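I opened the model to look up a few side chains and their partners. My notes follow.

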Amino acid sequence: MRNLIYIFLVFCSVNSFSQNKVELLNKGNIEFNNGDFQSAEQLYKKSLEKDSSYYKANVNLAHSLYKQERFDESTSFYKNALELTDKKSATFYNLGNSQLREGKVEESIESYKNSLRIDPNNMNAKRNLAIAQSLLKEQEKEEKKEEKEEKKEEKKEEKEEKKEEKEEEEEEKKEEPKKEPKDEISKDELEQILKALERKEMEVQEDLQKKKVVGKSKNLKDW
């Protein structure tokens, strides 16, 4: 008898737990449909507190966050939802939308492609894939334009730097002291110097001759 009561109590407890998370989910859905996304968010989170692996609560929480334009958070919960059940085309599609609004264009393209791999007839995924691919092309085009502008600006700066360096060099040259002029001797001056040397030489020779004559006369007297 005790065993039967124990089994009954456990069964009731599990059933109550299951109903509780579903009840919170349903209340969240009501708030969501009324446009109160913040209240819906809180109810979905309470549902997840009862069971964190509850797929519907994860995906609906992602919807409520998306509506509040909290795209990084909605992306996270869409990814959680994909880990909890068989991959669904709609969930990949919603993930792609969240990633696209988050600015992760390349990642959104991959999500739309995953959606179409599961359901090739998902027209919304096809349309948004085309939009994302077009945005990516524009993005790449803009990046190339910016890169070209940066290179152009770099060349301009380099040219200005060279111009400044050249101007500095010219200024430095102006500031250098002028070389002192060399003392050059003219032809006339050179001739005058040579004549003066010749005269000096002649005077020296004359002095020598005089000294020799005096010396000879002394020798004669002594003799």
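In which helix is the place of Ser74? I found Ser74 in helix H4, residues 71-84. The model is predicted, and I read it as such.

**Ser74.** I checked accessibility next. Ser74 counts as buried, because its relative accessibility is 0% and the cut-off for buried is under 20%. Its side chain makes a polar contact with the side chain of Ser98, at 2.6 Å. Setting aside neighbours within four places in sequence, I listed Ala62, Leu65, Tyr66 and Ser98 as contacts of Ser74.

**Helix H2.** I then turned to H2, residues 37-50. This helix has 14 residues and spans 20 Å from first C-alpha to last, close to the expected 20 Å. Its buried residues include Ala40, Leu43 and Tyr44. Glu41 is buried too, at 4% relative accessible area. Glu41 forms a salt bridge with Lys45, with the closest N and O atoms 2.8 Å apart. The two sit about one helical turn apart, because four residues separate them in H2. Lys45 is partly exposed at 31%.

**Other salt bridges.** How many salt bridges does the count come to? I noted nine. One joins the side chains of Lys21 and Asp51, at 2.7 Å from N to O. This pair links distant parts of the chain: Lys21 is in helix H1 and Asp51 in the loop between H2 and helix H3, 30 residues apart. Lys21 is buried at 13%, and Asp51 is buried at 18%. I also logged Lys104 with Glu102, at 3.2 Å. Lys104 is partly exposed at 32%, as is Glu102 at 26%.

Conventions:
Residues are numbered from 1 along each chain as its sequence is written. This is a predicted model: local features need pLDDT of at least 70, side-chain atom pairs count only at pLDDT 80 or more; totals for chains, interfaces and linings use all residues. Side-chain values use heavy atoms; hydrogens and water are left out. Buried means under 20% relative accessible area, exposed over 50%, partly exposed in between (1.4 Å probe, protein chains only). A polar contact is a pair of N or O atoms within 3.5 Å; within protein, one must be able to donate a hydrogen and the other to accept it, and residues adjacent in sequence count only if both atoms are side-chain atoms. Contact means heavy atoms within 4.5 Å. The expected span of a helix is 1.5 Å times one less than its number of residues. A salt bridge is a side-chain nitrogen of Lys or Arg within 4 Å of a carboxyl oxygen of Asp or Glu.
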